[in-house]
Amino acid sequence: MAKVMMKGNEAMGLAAIKGGCRAFFGYPITPQNEIPEYLARVMPEYGGVFLQAESEVAAINMIYGASGAGVRSMTSSSSPGIALKQEGITYIAGAELPCVIINVMRGGPGLGGIQPSQADYKQVTRGGGNGDYYLLAFAPENLQETVNIVKEAFDLAEIYRNPVMIAVDGLIGQMMEPVDVDMEIPKREIPEKTWATTGTLGKRERNVVNSLYLDPQALENHSLKLKAKYDLMREKEQRYELVNVDHSEIVIVAYGTMARICRSAMEILNEKGINVGLLRPISIYPFPEKAFAELPSTVKGLLTCELSTGQMIDDVKIANNGKLPIGFFGRTGGMLPEPEEIVDAVIKMIGGMKNE
Amino acid sequence: MNSEKINCAGFGGQGVMLIGQLLAYAANEEGFNTLWYPSYGPETRGGTANCSVTISKQPVNSPVISKADSIIIMNKPSLDKFEDKVRPDGKIFINSTLVNKKVNRSDVEVFYIPVNDMAAELGNPKVANLIMLGAYLESTKLFEDEVIIKLLKKSFGENKAHLIPINQQALQAGRIFIRQ
Amino acid sequence: MSNVLFKRTEALTSKEFSYCPGCTHGIIHRIVAEVLEELNILDRTIGVSPVGCAVMNYEYFNCDMQQASHGRAPAVATGIKRVLPNNIVFTYQGDGDLASIGTAEIVHAAHRSENITVIFVNNAIYGMTGGQMAPTTLVGQKTTTSPTGRDPRHSGYPIKISEMLATIPGATYIERVSVHNPQNVRKAKQAVKRAFEMQIQGKGFSMVEFVSTCPVNWGKTPQDALNWLVDNMIPYYPLGVYRQPEAGEKNE
Ligand SMILES: Cc1ncc(C[n+]2csc(CCOP(=O)(O)OP(=O)(O)O)c2C)c(N)n1
Ligand code: SF4
């Protein structure tokens with residue numbers, strides 16, 4: 001199908017419907033408002049549920065209920081609202097329910113600002129709530145990738161029985177790009193929802209949705225079962241893109257909007273005769289450690305670029321395991337760098353490495 | 001054209017977002033890659049609004065425009081904000097009805113177009129933005145009016161179909177102004 | 001109108017309001033400020049700003065201010081008042097803030113009869129975030145998340161906060177007012193004054209609810225918005241005193 005122009009937030013709303021989402025619960029917050037506003041208009045046409053909750057806490061618990069009842073459910077919010085959802089998210093992970101959560105990130109901490117940011121990286125990739133759990137988390141860079149991932153997320157959530165978070169920054173939510181919402185996504189086998197509480201109808205044993213395990217041994221067993229899922233995700237769901245790494249001494253590590261700005265910086269550098277590569281995480285949990293193993297030995301340094309004061313850099317250090325020097329460039333609070341700032345950071349890093 | 005980066009700025013309500021959106025939609029129709037990005041949030045409430053559009057044969061990378069090829073300025077605060085944001089040899093399109101200031105730079109091509117006066121002459125003050133778009137399109141030769149009109153027809157639907165002719169006239173008026 | 005009714009008050013900074021033209025948030029600020037000045041309590045007052053269009057009113061009220069997270073202003077105010085019982089503490093909250101996400105905090109502040117004053121601005125919509133449905137949105141009213149109009153079968157009936165809080169034993173003083181004309185502005189100021197007097201006298205929880213406009217998100221001119229308020233809001237949200245101490249006694 002031909003690509004149509006859509007605003008990021010609306011495209012994510014439509015992608016959710018195409019991914020089978022039939023229940024959306026949310027609460028207004030900038031810069032993601034067009035997701036609920038779009039679904040308020042469109043969800044009824046698909047016979048699904050749209051409800052504005054009284055708070056983010058309520059919305060995520062509505063997700064717990066609807067998802068526990070076996071319906072593909074989604075909520076969306078932005079940073080302070082996602083912080084409030086953490087209680088529900090850890091319960092959902094603990095009860096092994098699928099759901100999709102979109103986080104259109106803005107600057108923090110506290111009320112912060114409303115401009116684009118990647119400052120929730122740690123909250124997204126470390127679980128965020130209490131306990132031993134992780135979210136499957138993706139950070140796409142353009143609308144086509146975002147839309148495909150939102151659709152896939154509903155399958156992945158059910159395969160792993162785990163919440164999937166799509167973390168984009170406010171710019172991706174607000175911008176318009178050509179996008180084909182009907183692009184094919186991988187066909188996967190989806191397990192039956194034998195666990196859903198839909199009423200036994202006298203035909204099966206009772207189902208219970210729960211995250212309480214008072215017996216420590218039982219809770220340890222449960223946590224190990226969850227861990228096995230995260231290990232499987234790390235094996236199967238690492239996603240990344242490597243650009244031009246074969247001919248480059250410096251490889252930039254960046255995701256989302258920052259990766260796009262870095263691509264422009266790479267063009268400018270290329271004109272100056274400096275070859276720079278890009279390692280772009282698409283999944284941020286699991287972090288694409290495999291990509292680092294693929295870097296050729298000609299690479300002499302990594303430059304982590306983020307819209308934060310430096311959060312992903314910790315994962316880069318773990319994946320790099322002390323091998324290469326790691327530099328950092330970041331803008332935060334909603335500031336977006338111009339490509340030239342990254343050009344300067346790369347040139348500075350090269351200079352620094354020569355001096356050593 | 002390989003690529004064109006445009007900033008478009010003015011008061012909320014002057015239709016600057018629409019100018020940018022029409023350019024982006026037209027670019028998509030004509031097979032270019034494109035990206036439209038608005039300012040958002042309370043800053044747009046009653047105050048200034050702006051959007052940036054990138055149109056390119058190559059995939060669009062940075063959504064952030066550091067130096068625009070062209071800027072469209074609908075009010076005075078926007079000129080102060082964006083004057084330095086256009087590249088040398090770039091173009092500045094100014095709504096001279098509302099901006100009585102001249103551009104300070106000599107390394108850019110400047111067009112002073114009294115679009116509000118011209119819209120009043122056409123009998124519909126709301127089409128000032130379309131006059132500006134017409135002027136921009138004439139100068140850059142980016143798209144034909146037909147592409148824009150087709151898009152407007154789609155978005156107006158039957159209810160507002162009667163507004164098509166005035167919008168067409170507005171685009172033409174902008175073009176004629178540049179040609180003279 | 002403000003020229004006739006308001007003099008410059010010490011209780012407002014010189015910072016210009018960022019509210020849209022015709023929004024009644026501005027008048028409500030002036031009323032609160034004048035009362036703080038007239039009661040001579042400005043220098044011992046601590047205000048709590050909400051999350052909503054009034055989020056930045058810590059820049060407008062010329063006293064100590066704290067900015068709270070969305071809906072939690074009554075809890076923040078409780079914290080302040082409990083450690084500084086001799087100071088005057090007020091919150092200023094919109095209907096999304098107070099009547100949606102913050103219902104637990106407001107109900108329990110009233111229930112404990114926290115000796116604070118709440119200024120509640122009910123404009124039947126989420127202003128700051130661009131016009132979504134609020135719990136107070138009227139039946140049939142179109143918003144960006146009720147695009148075909150609020151349907152009570154889907155979203156319930158608009159919540160009447162003053163009536164609801166008036167059922168709580170700890171609520172000492174509750175009045176609903178409007179500022180659509182000079183006469184009502186005067187009445188509203190009297191209400192705010194009484195509310196703060198309750199606090200000064202240690203009588204417990206007081207709240208003044210303002211029915212207010214949001215011309216921008218209602219899609220109306222300022223004058224049409226005031227007319228709409230009179231024709232639609234006030235019939236559903238009747239003005240008046242909903243609770244007050246009997247013969248000067250604290251409510252039980
Ligand atoms: C936890 C959290 N959720 C949501 C928001 C987004 N938000 C900002 S203001 C607002 C509500 C505005 O409505 P209201 O309280 O009625 O005040 P008004 O703007 O109408 O004066 C919301 C939901 C936020 N900042 N924090
Ligand atoms: S959006 Fe509405 S409530 Fe907010 S300042 Fe504007 S008119 Fe007032």
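Guide: One term before the rest: a residue is buried under 20% relative accessible area, exposed over 50%, and partly exposed in between, using a 1.4 Å probe and protein chains only. This is a predicted model, where local features need pLDDT of at least 70, side-chain atom pairs count only at pLDDT 80 or more, and totals for chains, interfaces and linings use all residues. Residues are numbered from 1 along each chain as its sequence is written, chains are lettered from A and ligands numbered from 1 in the order in which they are written, and side-chain values use heavy atoms, with hydrogens and water left out.

Visitor: OK. Does G219(C) count as buried or exposed, and why?

Guide: G219(C) counts as exposed because its relative accessibility is 63%. G219(C) sits in the loop between α9 (215–218) and α10 (222–236) of chain C. Helices here are DSSP runs of H or I with at least four residues, numbered from the N terminus.

Visitor: What separates the C-alpha atoms of G219(C) and V55(C)?

Guide: A distance of 22 Å, with the two residues 164 residues apart along the chain.

Visitor: New topic. Where is ligand 1?

Guide: Ligand 1 lies between chains A and C. There are 21 residues around ligand 1, and the closest are E56(A), C53(C), D95(C), G96(C) and D97(C). A residue is near a molecule if one of its heavy atoms lies within 4 Å of it.

Visitor: Which helix gives the most to that shell around ligand 1?

Guide: Helix α4 (residues 95–101) of chain C, with three residues.

Visitor: And what lies 2.4 Å from an oxygen atom of ligand 1?

Guide: A polar side-chain atom of D95(C). Taken alone, ligand 1 exposes 580 Å², and the protein buries 96% of that. These areas come from the Shrake-Rupley method with a 1.4 Å probe.

Visitor: Why is the ligand 2 site shared between chains?

Guide: Because residues from chains B and C surround ligand 2. The shell has 11 residues, and the closest are C20(C), C23(C), C53(C), N123(C) and C214(C).

Visitor: Now helices. Which residues of α8(A) are buried?

Guide: H222(A), L226(A), K229(A), Y230(A) and M233(A). They are on the same side of α8(A) because they cover an arc of only 95° around the axis. The arc is taken from the directions from the helix axis to the C-beta atoms. P216(A) and E235(A) are exposed on the other side of α8(A).

Visitor: And the buried ones in α3(B)?

Guide: In helix α3 (residues 115–122) of chain B, the buried residues are V115(B), M118(B) and A119(B). Their arc is only 100° around the axis, so they are on the same side of α3(B). On the other side, A120(B) and E121(B) are exposed.

Visitor: Last one. What does the side chain of E34(A) have a 2.7 Å polar contact with?

Guide: The side chain of N9(A). A second polar contact, of 3.3 Å, joins the side chains of E34(A) and Q174(A). A polar contact is a pair of N or O atoms within 3.5 Å; within protein, one must be able to donate a hydrogen and the other to accept it, and residues adjacent in sequence count only if both atoms are side-chain atoms. E34(A) is in helix α2 (residues 34–42) of chain A and counts as buried because its relative accessibility is 17%.

Conventions:
Helices (H or I, at least four residues) and strands (E, at least two) are DSSP runs, numbered from the N terminus.
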